[in-house]
Amino acid sequence: MKFLIRKMKQDDILEVQYVAETSWHATYEGIIPRKIQDNFLKHAYSEKMLKQRIEISTIIVAEVGGKVVGFANFSSVSNEGVAELGAIYLLPEYQGNSIGTALLKKGITYLPEVKKIFINVEKDNEIGKKFYKAKGFEMISTFDENFDGHILKTIRMELTV
């Protein structure tokens with residue numbers, strides 16, 4: 001499958017919102033109640049929040065045939081060379097085509113001073129855990145997280161770059 005990885009532009013906001021909503025609902029069905037998912041998505045992926053993220057972090061998108069089918073969001077790198085991978089989300093029908101891997105690799109090239117990348121993954125997100133383990137992330141801790149009144153079992157993972 002041919003795809004293009006590039007930095008996100010403001011023109012991509014509607015498509016990124018669609019990818020976030022679709023992938024969240026597919027990934028967290030039965031894990032996080034739909035109402036809580038929708039509240040989170042409405043806030044975290046609002047036009048205002050995405051415009052802010054474009055300015056202060058690294059967001060890259062994956063395009064197939066001119067359509068955004070996935071994205072990754074990396075925080076800025078700290079003075080210690082640490083970054084957070086906030087998300088890699090792909091539309092379900094595009095998973096398993098090396099697009100997530102390409103998003104991760106390309107994101108790292110935009111962070112030349114990065115030494116370690118951290119990600120939080122929900123314990124029951126089997127696809128996410130398998131993906132990150134396959135890319136070399138190692139589990140370093142687990143914790144409970146109050147997510148809008150719903151307790152999530154979260155796994156903290158780390159990649160040494």
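**View 1. Packing of helix α5.** The buried residues of α5 pack against β4 (82-90), β5 (116-122) and β7 (150-160); helices (H or I, at least four residues) and strands (E, at least two) are DSSP runs, numbered from the N terminus. This is a predicted model, in which local features need pLDDT of at least 70, side-chain atom pairs count only at pLDDT 80 or more, and totals for chains, interfaces and linings use all residues. Residues are numbered from 1 along each chain as its sequence is written, and side-chain values use heavy atoms, with hydrogens and water left out.

View 2. Within α5 (residues 126-134), the buried residues are Gly128, Lys129 and Tyr132. Seen down the axis of α5, these buried residues fall within an arc of 95°, so they line one face of the helix; the arc is that of the directions from the helix axis to the C-beta atoms. Ile127, Lys130 and Ala134 are exposed on the other side of α5. Buried means under 20% relative accessible area and exposed over 50%, with partly exposed in between (1.4 Å probe, protein chains only). Glycine 136, which has a positive phi near 100°, follows α5.

**View 3. Surroundings of asparagine 73.** Strand β3 (residues 67-74) contains asparagine 73, which counts as buried at 8% relative accessibility. Not counting residues up to four places away in sequence, asparagine 73 touches Arg53, Ser57, Thr58, Ile59, Glu84, Leu85, Gly86 and Ala87, where contact means heavy atoms within 4.5 Å.
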